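Please keep the structure open while reading them.

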Amino acid sequence: MLTKVVRFCGIALLTTLTTTTIIHQPSYASSTTFFCAKSKGVPVTYAKSQNGRRIPMIRWVQILVQCIYPASE
């Protein structure tokens, strides 16, 4: 009977500690913001880090479909 109580309390303690650890994980996603600007005339999506550093994420380039796939005559 005592071993069942000890086992139950051990499982309950382990479950509580695991749940507490999972819930209190730090979140860093809210510290990065995204914004758009132009760099050398080309639109760029930047990420701004916690320390204010601008990191280019996407350089938007226009591809002229007619140059790649010319219309057949």
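**Notes on the model**

1. Bear in mind throughout that the model is predicted. The two rings belong to Phe 35 and Tyr 46, and they are stacked, with 5.5 Å from centre to centre and 20° between the planes. The angle counts as stacked because it falls under the cut-off of 30 degrees.

2. Where do Phe 35 and Tyr 46 lie? Phe 35 is in strand β1 and Tyr 46 is in strand β2, so the pair ties together parts that are 11 residues apart in sequence.

3. Are the two residues buried or exposed? Phe 35 has a relative accessible area of 26% and is partly exposed. For Tyr 46 the relative accessible area is 7%, and this residue is buried. The difference in label follows from the cut-off, because buried means under 20%.

4. Tyr 46 has a further neighbour to look at. The charged end of Arg 54 sits over the ring of Tyr 46, at 4.3 Å from its centre.

5. Now the chain as a whole. It contains 2 helices and 3 strands. Read from the N terminus on, the elements follow the order α-β-β-β-α.

6. The 3 strands make up an open sheet, in the order β1-β2-β3, with antiparallel pairing. At the edges are β1 (33–39) and β3 (54–59), each of which pairs on one side only. From one strand to the next, the twist averages 35°. As background for a new reader, strands of a sheet pair through backbone hydrogen bonds, and the pairing can be parallel or antiparallel.

7. How many bridges join β1 to β2? There are 7, and β2 covers residues 42–48. Ala 37 has Val 44 in β2 as its bridge partner, and Ser 39 has Val 42 in β2. The hairpin of β1 and β2 has 2 residues between the strands, and in this hairpin Lys 40 takes a positive phi near 55°.

8. Leaving out residues up to four places away in sequence, Ser 39 touches Val 44, Tyr 46 and Arg 59. Ser 39 and Arg 59 are 20 residues apart in sequence, while their C-alpha atoms are 8.6 Å apart in space.

9. Last, the surface. The chain has 73 residues, and 7% of them count as buried. Tyr 46, discussed above, is buried. The accessible surface of the chain comes to about 7000 Å², and carbon and sulfur atoms account for 65% of that area.

Notes:
Residues numbered from 1 in each chain as written. Predicted model: local features only at pLDDT ≥ 70, side-chain atom pairs only at ≥ 80, totals over all residues. Heavy atoms only, no water. Pairing = 2+ DSSP bridges. Helix = DSSP H or I, 4+ residues; strand = E, 2+ residues; numbered from the N terminus. Axes fitted to C-alpha atoms, helices over the stretch in contact; angles between N-to-C directions. Phe/Tyr/Trp six-rings, centres within 6.5 Å; stacked < 30°, edge-to-face > 60°. Buried < 20%, exposed > 50% of the residue type's maximum accessible area, 1.4 Å probe, protein only. Lys NZ or Arg CZ within 6 Å of the ring centre and 35° of its normal. Areas by Shrake-Rupley, 256 points an atom, 1.4 Å probe, with all protein chains shown as cover. Contact = heavy atoms within 4.5 Å.
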